[in-house]
Amino acid sequence: MTVPGGAVPQWKLPDAGWGRKAADAATLHEPQNIREYVTMHQHLKVGGGTRLLDVACGAGLAVELATARGATAAGIDASARLVAVARDRSSGADLRVGDMRALPWADGVFDVVTSFRGIWGTTPEVLDEVRRVLRAGGLLGMTVWGHVKASPGAWALRPFLWADAAQVTHQAAMNSLGKPGVGERLLTAHGFEAVRRVNVPFVWEFADPESYARALACTGPGYEAIQTVGEQRFLRDAEQLAAEHAREGLPLRAEINLVGFIARAPAPSGAASSYLTEPVELSAGASAAYADDNAELGYVMNATRLWAHDTEAMELLFKALGRVTRTAGLSVRDRGILVTAATSTLGDSYCSLAWGAKLAAAASAQVSAGVLTGDDSFLDARERALAEWARRVAADPNATTASDVQPLRQAGYDEAQILAITTYVALRVAFSTVNDALGAVPDWQLRTSAPEAVLEAVTFGRAPAPAAAPDSP
């Protein structure tokens, strides 16, 4: 933003526009973003225990919503006046006034960082700070404007173009990340991986032209336009513009294209395979498990190294899995659907990647990526019943109902097979829970064995180990 007064630090300048009418910004403008906040929190699986930072948090509605989902939330914004509102809304959150290019938190303290149209093409250096404060495998979720001109509600952003030519040009540079491939390349260049673009519903709704004009006047881009045309003219012309789109008995409505990105902070090189030290001396069972891995995969899985402390327990678990697999008559494709649906619900990246690759081989990368992201459109009715049941069991077994079981019966499974399918999912959940709780790192080899579509779909859980050097074993 361009504001007179060269003595003011650059990062403080947004307060002149966004903070000058903080109450209006908090009550007229920010609630318009609620679909954006809820959608991204859902993609990021924000919930109980999530340590979340919102960058450019504004008046803190996104922080408040994250807290309502059970997260321990923090936020930072350049506007002291907006942060005052955020603190009023969320007194228990760690909310600070500061420069997002120098985040005042230690390394690796957050599981999730969000930024809702707060990181722009003109502030790429912020991504280095975001990656620093994220733990290994932590997630960044950020939104940017998409193809605004093609949006049905493009008219609603027109008043921002009333700023002078230099400011409009700067706005265009800020909004460049939504163009095809631009955001992905930037995030990758700043060290993030598994970058995924997601669609984010975004709608502005206003009771009348007056509230629309007031809502835009309290924004940073609105203030830039006001500096050029004056506030009275801005409000008058904005009201006239909105009146052209008024509808009898309905609110003003402007659907605008918005793009979301999910990206993961990589694991550090040289990280241990899990929280447990690998046994110095292997038992006969562990040695056999290592040999089996080498024969089948060409390397020893980190999960096998973890379970080397009690290989017999792992063998018993997989023996039980084998029994219920036979009872239910599950093919490799069926098991791939059950495992990827369950582990993606849990947020277990290790088994999601390993079985995502297996499902891709048995079906296709498109099918595998779809199940991992909750899109079952490539499955038939029987397979959809398996995927939906696996997600319900993994998400909350106490929330299932008798009607939830019915699709399995309709798919042709009898009572014993339904028990077997449920047991299969529960045992896979148990296996994933042990691995995740003890920090088993997905093997670096999964970066090359899993198709790109699968890698892009697994934006949760622990990051795979960095790829080994060519001469690594």
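Reader: In what order do the seven strands form the open sheet?

Author: First, a caution. This is a predicted model: local features need pLDDT of at least 70, side-chain atom pairs count only at pLDDT 80 or more, and totals for chains, interfaces and linings use all residues. Residues are numbered from 1 along each chain as its sequence is written, and side-chain values use heavy atoms, with hydrogens and water left out.

Author: Now the idea. Strands of a sheet pair through backbone hydrogen bonds, either parallel or antiparallel. Here the order is β3-β2-β1-β4-β5-β9-β6, with mixed pairing. Strands are DSSP runs of E, at least two residues; helices are runs of H or I, at least four; both are numbered from the N terminus. Two strands pair if DSSP finds at least two bridges between them.

Reader: Which strands stand at the edges?

Author: β3 (94–97) and β6 (193–200) do. Each has a single partner strand, so one side of each lacks a neighbour in the sheet.

Reader: How many bridges join β4 and β5?

Author: Six, in the parallel sense, between β4 (residues 110–116) and β5 (residues 134–145). Phe116 stands opposite Thr143 in β5.

Reader: At what angle do helices α15 and α20 pack?

Author: Two packed helices are described by the angle between their axes and the distance between the axes. For α15 (residues 332–346) and α20 (residues 415–437), the angle is about 50 degrees and the axes are 10 Å apart. Axes are lines fitted to C-alpha atoms, for helices over the stretch in contact; angles run from 0 to 180 degrees between N-to-C directions. α15 and α20 are therefore oblique (under 35 degrees is roughly parallel, over 145 roughly antiparallel, 65 to 115 roughly perpendicular, the rest oblique).
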